[in-house]
Amino acid sequence: MKKNTLVGLCTTASLCISHAALAEETISVLHWWTSGGESKAVRVLKDDMAKQGYGWKDFAVAGGAGAAAMTALKAQVISGNAPSAAQIKGPLIQDWADQDLLVSIDASATDWKSHTPPPIDAIMKAGGHYVAAPFSIHRINWLWINKVDLDKVGGKAPETWPEFFALADKFKAAGITPVAHGGQPWQDMTIWETVVLSQGPDFYRKALVDLDQKTLTSPQMIQVFETVQKIRTYFDKGYVGRDWNLATAMVIKGSGGMQFMGDWAKGEFANAGKQPGVDYICAVAPGTANGYTYTVDSFAFFQENGQKTATPGQLAMAKTIMSVDFQEQFSLYKGSIPVRQDVPMSKFDDCAKKSYTDEQSTIKSGGFLPSLAFGMVQSTVTAGAISDAVTKFMNSSEDAKTGVAALAAAAKIK
Ligand code: GAL
């Protein structure tokens with residue numbers, strides 16, 4: 001009755017929806033999706049929830065890769081204001097579950113197991129129960145290239161490091177910043193991790209998943225640091241502290257030739273109305289064709305008002321996130337590919353189709369590897385120590401051997 005009165009009072013459709021939603025439940029959501037492409041993608045979820053009558057209280061914390069968002073989350077939880085859902089990924093989900101702060105969303109996850117790649121399905125669970133819902137799969141080892149610039153210098157997408165440096169020299173000669181980069185630790189890690197992958201998927205696995213000391217201190221690892229050191233010489237002067245989407249904007253406009261970045265960068269190209277193959281090229285980073293470093297975004301669900309069970313709104317959100325239609329639309333905006341394996345790829349562009357084909361083949365070959373830079377493997381302590389070593393190397397005149405020694409020491413920090 002009360003709801004009918006409210007609906008009866010409202011004058012526009014949108015008002016009706018928000019009144020109805022408030023009468024039901026408002027979900028508070030902490031995330032770090034604030035760039036153009038990211039906001040468009042997360043809005044799909046907000047709208048889907050509104051259609052089901054749920055309100056949305058937004059806690060967007062700017063800062064690529066989410067370090068600031070994770071600090072905000074801790075503060076909220078400590079003050080007893082945990083959000084209903086928070087963007088948390090990888091082993092961190094388990095850490096929050098171990099604190100007995102999350103709720104089971106099993107009731108919404110009845111068909112997830114059969115539609116999700118097994119390594120990803122496992123990460124969404126704690127103590128045998130689903131506590132997080134996965135959005136999509138992002139590939140990290142991409143190189144984004146401005147097509148007009150590429151044609152101007154008569155180049156082609158580089159498949160090896162020598163080809164990459166030859167192209168970078170051409171861009172430099174043409175007055176184009178060869179590598180658009182943002183000097184923030186996670187972006188430094190993105191480049192470094194991609195160069196590690198270029199030594200082969202086995203090398204990456206031994207080094208960054210197994211933390212094998214012999215691999216971490218090998219001559220190939222010295223080569224990795226030398227390559228990274230050389231890439232650094234192709235940044236512009238303003239790279240320090242630059243946000244990732246501003247670096248992408250340089251490539252979109254053509255003042256920057258190339259960027260190493262996960263495929264959320266494609267969300268920015270799409271948002272700017274740019275077409276792959278026409279305005280820009282998505283190339284697999286040099287030497288990494290048989291590898292696929294991935295990150296999977298997910299929302300974990302927190303206990304609310306001391307209740308150990310999920311609210312109807314939390315269950316509805318988890319179900320929506322893993323629905324076929326949402327998975328498709330979200331990834332179309334976000335630049336990723338659906339995590340659900342039964343979503344048709346027909347509406348996706350060639351970059352996403354390539355990502356999907358490579359995902360399928362690397363799952364079989366063993367080249368499908370969790371990204372260290374994006375928190376998909378190792379504890380935050382170990383990953384943080386490695387990131388410190390890499391960032392220090394990238395922002396100093398340290399030689400490769402010193403960088404490798406610092407890496408090997410960091411990998412022992414638990
Ligand atoms: C990653 C996240 C992506 C993208 C990126 C930049 O951690 O997985 O979805 O948002 O940060 O913000």
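Which residues in α9 are buried? Select helix α9, residues 185-197, to find out. Keep in mind that this is a predicted model.

**Stop 1: helix α9**

Colour W186, Q187, D188, M189, T190 and I191: they are buried. Carry on along the helix with W192, E193, T194, V195, V196 and L197, which are buried too. That makes 12 of the 13 residues in α9, so the helix is mostly covered; buried here means under 20% relative accessible area. Now look at its length. From the first C-alpha to the last, α9 reaches 18 Å. That is close to the 18 Å expected at 1.5 Å a residue.

**Stop 2: the disulfide**

Next, select C282 and C351. Their sulfur atoms sit 2.2 Å apart and form a disulfide. A disulfide is a covalent bond between the sulfur atoms of two cysteines. A search of the whole structure finds one. Look along the S-S bond: at -100 degrees, the link of C282 and C351 is left-handed. C282 belongs to strand β10 (residues 280-284) and C351 to helix α17 (residues 350-365), so the pair ties together parts 69 residues apart in sequence. C351 has 1% relative accessibility, so C351 counts as buried.

**Stop 3: the ligand**

Now select the ligand. Around it are 13 residues, and the closest are W33, E38, K89, D297 and K334. Turn to the oxygen atoms of the ligand. For W33, an N or O atom in the side chain is 3.1 Å from a ligand oxygen atom. For W32, a polar side-chain atom lies 3.2 Å from an oxygen atom of the ligand. How much of the ligand's accessible area does the protein cover? It covers 100% of the 300 Å² that the ligand has on its own.

How values were computed: Residues numbered from 1 in each chain as written. Predicted model: local features only at pLDDT ≥ 70, side-chain atom pairs only at ≥ 80, totals over all residues. Heavy atoms only, no water. Helix = DSSP H or I, 4+ residues; strand = E, 2+ residues; numbered from the N terminus. Expected span 1.5 Å × (residues − 1). Buried < 20%, exposed > 50% of the residue type's maximum accessible area, 1.4 Å probe, protein only. Disulfide = S-S within 2.5 Å. Near = heavy atom within 4 Å. Polar contact = N/O pair within 3.5 Å; in protein donor to acceptor, adjacent residues only side chain to side chain. Areas by Shrake-Rupley, 256 points an atom, 1.4 Å probe, with all protein chains shown as cover.
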